[in-house]
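The model is shown first, and the entries follow.

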Amino acid sequence: MTTTTETYGVDPSPTPLALLLLGREADPASERGVECPGDLPAASDPDLVARARAAKEALGDRVFILGHHYQRDEVIEFADVTGDSFKLARDAAARPEAEYIVFCGVHFMAESADILTTDAQQVVLPDLAAGCSMADMATAEQVAECWDVLTDAGIADVTVPVSYMNSSADIKAFTGRHGGTICTSSNAKRALEWAFEQGQKVLFLPDQHLGRNTAVLEMGFSLDDCVLYNPHKPGGGLTAEQLRNAKMILWRGHCSVHGRFNLDSVNEVRERIPGVTVLVHPECKHEVVTAADMVGSTEYIIKALDAAEPGSKWAIGTELNLVRRLAKAHPDKEVVFLDRTVCFCSTMNRIDLPHLVWALESLVEGRVPNVITVDPETEKYAKAALDRMLALP
């Protein structure tokens with residue numbers, strides 16, 4: 001670990017704030033609900049590696065393993081493909097001969113894979129506790145109540161829902177029922193352009209930052225055009241007049257990893273590393289995105305590092321597993337983590353090698369564990385919303 005820290009600069013430094021890594025302190029500058037639950041478990045032993053190889057070989061083409069970019073290396077080693085959530089779901093759909101899709105990601109991703117794959121295929125999530133705090137910030141009941149509020153304000157009929165891929169199947173289905181579309185961090189601008197061709201306002205779910213950053217920085221809206229709907233307050237904490245005046249109605253949700261980065265993170269790294277390029281994900285707060293040099297999706301970040309000049313210096317604002325992997329893949333560049341005290345994505349990292357081995361060995365034995373199934377009604381409308389996104393130019 002010492003070599004990694006000195007060479008790549010992507011491990012949090014041992015400052016008093018390192019207590020955050022142990023979940024013992026709170027950071028008053030970060031968004032409420034953003035916390036660090038602790039360090040990752042120790043790396044898996046060699047026996048598990050051998051067992052994973054044996055189980056995967058025994059299953060052959062019957063299994064297709066998907067690995068999200070935020071997974072730890074020991075899991076990525078066994079992935080047939082890696083990518084972001086939507087790319088992986090599409091990759092699964094392109095492999096109809098695979099009986100089992102083992103999704104090393106989080107729950108909403110496995111739901112999307114089930115929606116896009118055939119009925120003959122079964123999607124397995126190695127640990128059912130691997131959820132997503134952002135997706136959990138918008139429930140079907142809360143969003144239905146929000147739509148009632150918009151109806152009472154007289155604007156529901158001119159409002160088009162746009163939901164981020166990082167949402168539950170229920171929220172995707174709500175979006176489909178009400179004529180909306182899904183978006184990724186790569187095509188959010190195009191999705192919003194389409195939505196404003198259909199109506200006058202957008203209800204953006206569930207990540208407020210991606211919605212705000214896209215509307216303001218890419219589409220020319222002002223911050224005053226955006227209002228924040230808080231599902232925990234009556235009427236979302238907004239008046240009917242505020243809703244009627246708004247262009248973008250943003251849901252009060254955020255990513256528990258990207259929400260930790262702040263302006264101090266950017267200023268500190270610029271002072272520490274002269275000439276550094278700050279590259280962040282659009283799920284970061286508006287103040288972070290506006291202070292950064294470059295902003296883009298996970299795939300954008302990977303491509304930017306691939307194309308970067310040798311000797312260049314980079315501070316990356318996204319999940320730590322990915323930043324570490326990028327640093328190791330580019331030893332000719334200086335790649336550091338944007339904030340020294342930010343943690344891993346705790347829910348993503350629930351998918352570890354012991355869980356993956358258990359899932360694969362269960363399949364070898366003829367048992368299919370942790371099957372993720374979206375009911376037909378929900379699937380119908382969620383797929384309608386996904387199809388609208390796929391139809392975007």
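**Entry 1: Salt bridges**

I looked up R367 and found this residue partly exposed, at a relative accessible area of 44%; buried means under 20%, exposed over 50%, and partly exposed in between (1.4 Å probe, protein chains only). The model is predicted: local features need pLDDT of at least 70 and side-chain atom pairs pLDDT 80 or more, while totals for chains, interfaces and linings use all residues. Residues are numbered from 1 along each chain as its sequence is written, and side-chain values use heavy atoms, without hydrogens or water.

R367 meets E365 in a salt bridge at 2.5 Å, N to O. I take a salt bridge as a side-chain nitrogen of Lys or Arg within 4 Å of a carboxyl oxygen of Asp or Glu. E365 is exposed, at 55% relative accessibility.

I then noted a network in which salt bridges with shared partners join D47, R51 and E361. D47 is partly exposed at 48%, and R51 is partly exposed at 34%.

R72 and E74 form a further salt bridge, with 3.9 Å between the closest N and O atoms. R72 is buried at 6%, and E74 is buried at 14%. I recorded 15 salt bridges in the structure.

**Entry 2: Nonpolar cores**

Which residues have the most contacts inside the largest nonpolar core? They are V102, F204, V278 and L338, in a core of 106 residues. Such a core is a set of buried Ala, Val, Leu, Ile, Met, Phe, Trp, Tyr and Cys residues joined through side-chain atoms within 4.5 Å. Neighbours within four places in sequence aside, V278 is in contact (heavy atoms within 4.5 Å) with residues including V266, R270, D293 and L338. A second, separate core has 20 residues, among them A138, I155, I171 and L238.

**Entry 3: Lining by class**

I sorted the lining of the largest cavity by class and found 13 nonpolar, 13 polar and three charged residues. Asp, Glu, Lys and Arg count as charged; Ala, Val, Leu, Ile, Met, Phe, Trp, Tyr, Cys and Pro as nonpolar; and the others, Gly among them, as polar.
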